[in-house]
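Here are a few notes to read alongside the structure.

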Amino acid sequence: MTENTPQRTWCGRGRSATVAPAMRTLRSRARRLATPVALVGPALLLASCGMDDESKPMNVFRPQGEEAHTINQIHPWIFGIAGVVFVAVTGAVLWLVFKNRVHGDDLHPEDLPPQIHGNTRLEIGWTIAPAVLLAVLAVPTVATLWALESREEDPLPVMVVGQQWWWEYRYDTDGDGFFEGGADADVHGTSAFDEDDLVVANELVVPAGRQVDLTITSRDIIHSFWVPRLNGKRDAVPGRYHPWSITPEEPGKYVGWCAEFCGLSHARMRITVIALPEDEWQEWYENQQRPAETPTDAAALAGQELFAAQCASCHVVDTPNIEYPDDFQATQVAGVAPNLTKFATRTTYAGAIYSQYRGLAEPNSHELDVSGYLDLSQTATLDVAGLKAWISDAPGQKEMAPPDRGMPAFPGLTEDDLDNLVAYLATLD
Ligand code: CUA
């Protein structure tokens, strides 16, 4: 750039009368479009971040757990500073664009604005400013990370295992620090898993008000555990054990999703957390550790027999009534399918996408009267038709890839077989 650079052509200044008619048409069209965009844009934006309580289960601005509150405390800071930067940078860009607008007909090389490449002061300025900004932002961020890592006294340890496409929860009932039976686990004969530990599927049941110390892992590929109202996301990675925690403040139901694409049914790998008052949770916990009882009615007995023949190569029911053959050991230890010992105590099945009982709110909502949770199997009506449809053709209802991943279809089962199986499942409470 030389000293005698001529004036730039400013917006609206020096514009010749040669503006092409095409440009005018384009501009009037843009103007006509501008009104609906101006109306619809903010409306969509508002809809996406609505604060409405029940209809927006993914809303992270409704923390109901200590960890989620901790994260929410830094939201205004990070979002505020980022917002100021966004407005400043976008404003500057728009201002420069409009200020230096030149029309094709008027463009001459000498119209170019002064070039600032290599301006030392500017270079130093826009290196230091973001560095300072990031350093400031790092303070609350790192403090929050530390706060999220902290463990309160007497937390409840639970291992979370991601699977294609459901979640398994292991309770360290004997307090040995391990969640699996290890070498001495008795997978033959009477018990299909370490009887000192408790393995459940689809529903994580915890005491309200007590911190739950999670160890998150995966058995196949990478998933991510996310219950927006309780805490942020944490990846479930095979072979790695990630610490995380949740502390639901009140009894209730909290829903979540797998937040890492994990194949066909990633969107159908839901999370249900049920927080119960401490004494009710204790009752639940003790009941879950009892083996399944012998069914009393004929249909359920027939169902149990079918279960042992057809389902027990993948699913476990911890009971003295089923003699697991030795060659079932491999698949059972792999834990490829949900443990069904207390199937009828849960509200959901199939990766928490379907309600097990009729009349319950949609599994994907926070609505559930948890005061009746322990009596569900006595008071609610099982969705027999839904369960039969699921058992006979699971991949038809949820994308899966059996035999490698997910539950296969059982086209050979008759209506009677299905009725008996469901009758058996109904006794598992
Ligand atoms: Cu598991 Cu996405």
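**Notes on strands, a helix and a pocket**

1. Let's begin with two strands: β2 (residues 166–171) and β3 pair in the antiparallel sense, over 4 bridges. Keep in mind that this is a predicted model. To find your place in the pairing, look for Arg170, which stands opposite Val199 in β3.

2. Now stay with β3, which runs over residues 198–201. In a regular strand, side chains alternate between the two faces of the sheet. Which residues sit on each side of β3? Leu198 and Val200 are on one side, Val199 and Ala201 are on the other, and all of them are buried, leaving both faces of the strand covered.

3. Next, go to helix α3 (residues 120–149) and pick out Thr144. Is Thr144 buried or exposed? Thr144 counts as buried because its relative accessibility is 9%, and the cut-off for buried is under 20%. Leaving aside residues up to four places away in sequence, Thr144 touches Thr70, Ile71 and Ile74.

4. Finally, the largest pocket. Rolling a probe the size of a water molecule over the atoms shows where empty space is left. The volume of this pocket is about 790 Å³, and 40 residues line it. Nearest its centre you'll find His315, Val336, Ala337, Pro338 and Met407. The elements giving two or more residues to the lining are α5 (298–311), β11 (348–349), α8 (384–392) and α9 (415–426).

5. And what is the lining of the largest pocket made of? Its residues divide into 24 nonpolar, 10 polar and 6 charged.

Definitions and conventions:
Residues are numbered from 1 along each chain as its sequence is written. This is a predicted model: local features need pLDDT of at least 70, side-chain atom pairs count only at pLDDT 80 or more; totals for chains, interfaces and linings use all residues. Side-chain values use heavy atoms; hydrogens and water are left out. On a 1 Å grid over the protein atoms alone, a cavity is a set of points where a 1.4 Å probe fits but cannot get out, and a pocket is an open set with protein on both sides within 12 Å along at least five of seven lines; lining residues have an atom within 4 Å of a point. Grid points are joined across faces, edges and corners, and a volume is the space filled by probe spheres set on the points. Ala, Val, Leu, Ile, Met, Phe, Trp, Tyr, Cys and Pro count as nonpolar, Asp, Glu, Lys and Arg as charged, and the others, Gly among them, as polar. Buried means under 20% relative accessible area, exposed over 50%, partly exposed in between (1.4 Å probe, protein chains only). Contact means heavy atoms within 4.5 Å. Two strands pair if DSSP finds at least two bridges between them.
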